[in-house]
Amino acid sequence: MKKFDSQFTQNLFERGLITENQFDDVKSYRNLNIFSLNAELKLFLYLSVLLFTSGIGILIYENIDSIGHIAILSLLLIVIAVCFFYCFKFSKGFQKEETTFDHPVLEYLVLAGNILTCIFIGYLQFQYKPFGEHYGLATLVPTIVSFFCAYYFDNRSVLTIAITGLAAYVGLSVTPQTLLDNNDFYASQSLSYSAVMLGVLLILWTIYSCRISLKTHFSLIFLTFALHIISIASISNLTNYDILTWMVFGVILAGSTYYFYKASYDQKAMSLYVFMILYAYIGANIFVFRIFENVDFSDLWEIFIFLLPAYFIGSIVIFIKLIKNFHKEIA
């Protein structure tokens, strides 16, 4: 890596993009062999939050009879209050643009407080049912809390929890009624259409947020969730026996592919581009197979088997070229 960095710096100097003094300063700095532990420390902080919240869950599970429900809920509430007390105390308040805490530990304190809040509400609903039989509300309330924390404290990790909770709420609001009415979850397309609508909603919110300059750095997270939700729902329905259903979802997948192709360039996001290609490739193969599934290829079977390896190799080569071209264009 050092060799490549030196060559890159030398190229900048030879092209006149940096002065001789700047070139010497860069060389002197690199000779100090200083390296950053920022990423490693943040990883350990993230793991510590996960281990702590997991430990709380295990403690509740193993000692639920001896400790008591009120004591457990009280302990959770105290820890949550302490977490959010320090977060609100040292936060800069809500701002539309990207903000950070002065100390990175506080970002993970927000994450810990949010996860514990989800545990608290879930445990409260399971034990005392304050929302009655409306289990969707037990998902919606921590989802709203997560969205508030994500935007107020500018926390991407909490935002992923919020979007996941929103997706879970959509599932809970659809599947129980579907099971009661049809007694066959897989025969109903309600959940699939709800998933597509949720993905479209995330896209529309992203567009609106960009127009009003509200946390525009959250766009990639919203678009990533939307891409996976819409694409998986569409691909799963391409195998449906109803011809109208799989053709509709084929059109949805095609429209999704076009939009995320444009969005990947706008966001300069390699992850969006890669998954967009993969979903489009899988969907296109299934779509073509469905179109020709009633055609008799018995006479061409041997040719098909012979060309199949070349097809997959060619697909891999094209995929690599597309990735390389995308990387060059956004560089």
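This passage describes the fold, the side-chain pairs, the surface and the confidence of a predicted protein model.

Residues are numbered from 1 along each chain as its sequence is written, and side-chain values rest on heavy atoms, with hydrogens and water left out.

The protein contains 13 helices and zero strands, where helices (H or I, at least four residues) and strands (E, at least two) are DSSP runs numbered from the N terminus. Read from the N terminus on, the order of elements is α-α-α-α-α-α-α-α-α-α-α-α-α. Of the 331 residues, 33% count as buried; buried denotes under 20% relative accessible area, exposed over 50%, and partly exposed the range in between, with a 1.4 Å probe and protein chains only. Contacts are defined by heavy atoms within 4.5 Å, and among those in the protein with a separation of 6 or more, 68% are accounted for by residues 24 or more positions apart.

Confidence is expressed as pLDDT, the predictor's confidence in each residue, from 0 to 100. The mean pLDDT of the protein is 81, and 82% of its residues reach 70 or more. Over residues 174-187, however, the pLDDT is below 50, although this stretch has twelve contacts in the model beyond near neighbours in sequence. Where pLDDT is low, the predicted coordinates should not be read in detail.

A search of the whole structure finds two salt bridges, a salt bridge being a side-chain nitrogen of Lys or Arg within 4 Å of a carboxyl oxygen of Asp or Glu. In one of them, Glu98 pairs with Arg156, and the closest N and O atoms are 3.4 Å apart. Glu98 lies in the loop between helix 5 (69-90) and helix 6 (105-128), whereas Arg156 belongs to helix 8 (residues 156-182), so the pair ties together parts that are 58 residues apart in sequence. Glu98 is partly exposed, at a relative accessible area of 47%, and Arg156 is likewise partly exposed, at 38%.

Another salt bridge joins Lys215 to Asp154, with the closest N and O atoms 3.2 Å apart. This pair links distant parts of the chain, 61 residues apart: Lys215 is placed in the loop between helix 9 and helix 10 (219-237), and Asp154 in the loop between helix 7 (135-153) and helix 8. Both Lys215 and Asp154 are buried, the relative accessible area of Lys215 being 1%. The backbone at Lys215 has a phi near 45°, a positive value in a residue other than glycine. A positive phi, near 50°, is also found at Lys268, which lies in the loop between helix 11 and helix 12 (270-291) and counts as exposed at 54% relative accessibility.

The structure holds 21 aromatic pairs; rings of Phe, Tyr and Trp (its six-membered ring) are paired if their centres lie within 6.5 Å, and planes under 30 degrees apart count as stacked, over 60 as edge-to-face and the rest as tilted. Trp205 and Tyr208 form a tilted pair, 5.7 Å centre to centre with 40° between the planes. These two residues are three apart in helix 9 (residues 190-211), and Trp205 and Tyr208 are therefore separated by about one helical turn. Trp205 is partly exposed at 32% relative accessibility, as is Tyr208 at 43%. The pair of Tyr265 and Tyr273 is edge-to-face, 6.0 Å centre to centre with 80° between the planes; Tyr265 is partly exposed at 24%, whereas Tyr273 is buried at 4%. Ring pairs also link Phe84, Phe88, Phe148, Tyr152 and Phe153 into a cluster.

Thr245, in helix 11 (residues 243-267), is buried at a relative accessible area of 8%. Not counting residues up to four places away in sequence, Thr245 touches Gln189, Asn237 and Asn240.

A nonpolar surface patch is formed by Leu43, Phe44, Leu47, Leu50 and Leu51, which together have about 500 Å² of accessible area. Patches are made of residues with over 30% relative accessible area and no salt bridge, like charges being joined within 9 Å and nonpolar side chains (Val, Leu, Ile, Met, Phe, Trp, Tyr) within 5 Å. Leu47 lies in helix 3 (residues 38-62) and is partly exposed, with a relative accessible area of 38%.

Notes
Accessible areas come from the Shrake-Rupley method with a 1.4 Å probe; for residues, only the protein chains shown count as cover.
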